[in-house]
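Below are notes on the chain contacts, the salt bridges and the strand pairing. Please read them with the coordinates open.

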There are 2 protein chains.
Amino acid sequence: MNKPSSRPESRCNALAQRYGMNARPDIGPWNDHIELLLSHRSIRSYRSDPVPEGTLETLVAAAQSAATSSNMQLWSVIVIDNPDTRDELAKVAGNQDHIRQCPLYMVWLTDLSRNQRLCTEEGVEMESIPYVETFLVASVDAALAAQNAVTAAESLGLSTVYIGAMRNDPARVAELLGLPAGVFGLFGLCVGYAAPKATNQVKPRLPQGVVVHRETYGSPQEQGIRARYDDLMTDFSRRNEMVEQSWTTKVLGRMGKLAGMNGRETLSTVLHRLGFRLQ
Amino acid sequence: MNKPSSRPESRCNALAQRYGMNARPDIGPWNDHIELLLSHRSIRSYRSDPVPEGTLETLVAAAQSAATSSNMQLWSVIVIDNPDTRDELAKVAGNQDHIRQCPLYMVWLTDLSRNQRLCTEEGVEMESIPYVETFLVASVDAALAAQNAVTAAESLGLSTVYIGAMRNDPARVAELLGLPAGVFGLFGLCVGYAAPKATNQVKPRLPQGVVVHRETYGSPQEQGIRARYDDLMTDFSRRNEMVEQSWTTKVLGRMGKLAGMNGRETLSTVLHRLGFRLQ
């Protein structure tokens with residue numbers, strides 16, 4: 001489905017926003033679809049306006065159109081409207097108020113239980129259940145699906161933000177949503193119209209040179225590239241996040257100390273309780 | 001970025017192909033982006049024509065534009081052109097010949113090592129490394145990114161197929177690609193122009209009623225819906241896969257017996273050896 005190319009300047013701008021002026025990759029093929037993908041920003045403040053009728057069905061159709069390993073379709077999604085449940089889910093996520101505020105809130109589920117029910121009905125033991133691979137393939141299925149829903153939402157002028165912090169307390173999420181064994185709230189997703197105050201820019205990413213490898217793993221320029229990306233992100237955070245912080249500082253804060261995991265270091269134990277043995 | 005709606009009949013056709021005529025969801029908002037997402041088919045036979053110059057850069061820019069947890073960017077991608085490496089990777093994947101054949105083959109990596117190098121350079125121990133959560137968040141990052149690359153590729157008239165079978169032997173993949181500790185080949189992705197013989201139709205998915213839940217988990221009609229989906233998939237497999245097989249039969253074959261896992265039941269042990277302690 002080729003589309004007419006966008007104007008060269010919009011292509012150039014999109015790449016400059018995503019990588020900074022000095023780290024833009026060579027310009028490749030381009031169209032409106034790619035421009036939509038490049039324009040992604042996570043939005044954490046929403047207007048109260050509802051999403052148009054039928055939006056959920058469209059987003060789910062897009063999500064189900066993503067690839068799924070061997071067509072196993074090992075995911076589900078729950079839509080939560082009840083304000084009390086929203087409030088409890090927001091508390092799980094460190095009081096992220098956009099969970100209460102957005103018109104459409106979905107929790108995407110790693111779901112082995114549907115196919116396990118199928119096996120039980122057919123009188124077959126589902127031998128693949130206790131393995132890390134099965135948990136992983138199901139979680140990847142859910143992520144591919146959700147990303148298609150995000151693209152569909154953004155194409156409709158809606159904004160989104162993933163809520164990984166559902167994993168701060170997956171047992172509480174399972175309790176609130178009545179999840180059976182073998183179902184896990186992988187992440188949440190807020191969908192709605194961005195509030196006027198949500199003015200954050202497109203966030204720059206690492207230059208392609210440290211993310212793309214050829215034939216074997218390795219990027220000799222990694223250290224030099226990181227120093228320049230730190231400068232770019234320090235500038236970005238000053239303009240957008242009311243805090244001046246390099247990428248290195250942010251990564252050290254999030255990954256260096258256990259405290260940065262917000263309790264998620266217990267995930268293995270919690271997953272066992274939820275029916276994932278991860279062997 | 002609202003686009004003019006496509007013609008009603010193409011919208012109706014897209015939903016009928018994805019769900020069958022009798023299980024189409026209510027028609028919601030629609031545009032060319034959503035139509036592109038709905039049209040996805042995995043393609044397993046490619047023409048030898050190269051992809052246009054700059055395609056890789058465009059796909060990676062789309063991939064990097066996907067959300068990434070706390071901007072940690074815990075993924076990388078390796079492009080493999082060497083025919084000998086391609087051949088070995090095809091062998092890992094049960095001799096899937098499209099891995100040898102496609103003009104662009106990428107292996108998407110769960111990558112904790114880049115940020116670990118950053119911590120090491122800064123003299124900080126990276127305490128989050130050994131946890132399941134960190135492996136999971138990185139794998140989800142990689143999946144979100146890859147799905148954007150797929151959408152970008154398909155918008156350019158290219159086709160794709162994910163290769164989950166890289167996980168049949170992740171240690172061999174790590175050896176072939178020179179992966180350092182903390183890096184894991186999550187899946188491969190073939191990209192190229194579909195061969196004329198690649199005529200498979202859009203694959204129908206489960207009706208939305210068993211995938212979407214409201215407020216709490218549960219779909220009372222699950223059993224009846226599965227019987228109808230079995231009929232749809234039996235018909236689809238007869239027309240497209242030269243084998244007549246219901247969805248139930250396929251799931252039982254893939255998930256019921258350990259043999260359906262193609263060796264992936266050892267993933268936990270292999271991941272330990274690759275530097276993921278999954279605690």
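1. Arg238(B), at 45% relative accessibility, counts as partly exposed, whereas Glu244(B) is exposed, with a relative accessible area of 51%. The classes are: buried under 20% relative accessible area, exposed over 50%, partly exposed in between (1.4 Å probe, protein chains only). The two side chains meet in a salt bridge, with N to O at 3.1 Å. A salt bridge here is a side-chain nitrogen of Lys or Arg within 4 Å of a carboxyl oxygen of Asp or Glu.

2. On provenance: this is a predicted model, in which local features need pLDDT of at least 70 and side-chain atom pairs count only at pLDDT 80 or more, while totals for chains, interfaces and linings use all residues. Residues are numbered from 1 along each chain as its sequence is written, chains are lettered from A and ligands numbered from 1 in the order in which they are written, and side-chain values use heavy atoms, with hydrogens and water left out.

3. Over all chains, the whole structure has 36 salt bridges. In chain A, Asp87(A), Glu88(A), Lys91(A), Asp97(A), Arg100(A), Arg172(A) and Glu175(A) belong to one network, joined by salt bridges that share partners. In chain B, Arg47(B) pairs with Asp49(B), the closest N and O atoms being 3.2 Å apart. Arg47(B) is partly exposed at 35% relative accessibility, and Asp49(B) is partly exposed at 31%.

4. Between chain B and chain A the count is 12 salt bridges. Glu222(B) and Arg117(A) form a salt bridge whose closest N and O atoms are 2.7 Å apart. Arg226(A) and Glu122(B) also meet in a salt bridge, at 3.5 Å from N to O. Arg226(A) lies in helix α10 (residues 222–240) of chain A and Glu122(B) in the loop between α6 (113–121) and α7 of chain B, so this pair joins two chains. Helices (H or I, at least four residues) and strands (E, at least two) are DSSP runs, numbered from the N terminus. Arg226(A) is buried at 11% relative accessibility, but Glu122(B) is partly exposed at 40%.

5. How many residues does each chain bring to the contact? Chain B gives 130 residues and chain A gives 131, with contact meaning heavy atoms within 4.5 Å. The area buried between them is about 11,200 Å², and carbon and sulfur atoms give 60% of that area. Buried area is the accessible area (1.4 Å probe) that two parts lose on being put together, summed over both.

6. Between chain B and chain A, 73 residue pairs are in polar contact, both residues at pLDDT 80 or more. On the side of chain B that touches chain A, helix α7 (residues 132–155) of chain B gives the largest share, 16 residues.

7. Strand β1 (residues 75–79) of chain B is mostly covered, with 5 of its 5 residues buried. Trp75(B), Val77(B) and Val79(B) point one way from β1(B), and Ser76(B) and Ile78(B) the other way. Within chain B, 5 bridges join β1(B) to strand β2 (residues 104–111), and the two run antiparallel. Trp75(B) has Thr110(B) in β2(B) as its bridge partner.

8. Strands also pair across the chains, pairing being at least two DSSP bridges between two strands. Strand β5 (residues 212–214) of chain A is joined to β1(B) by 3 bridges, running parallel, and His213(A) has Ile78(B) as its bridge partner there. Likewise, 3 bridges join strand β1 (residues 75–79) of chain A to strand β5 (residues 212–214) of chain B, in parallel. Val77(A) stands opposite Val212(B) in β5(B).

Notes:
A polar contact is a pair of N or O atoms within 3.5 Å; within protein, one must be able to donate a hydrogen and the other to accept it, and residues adjacent in sequence count only if both atoms are side-chain atoms.
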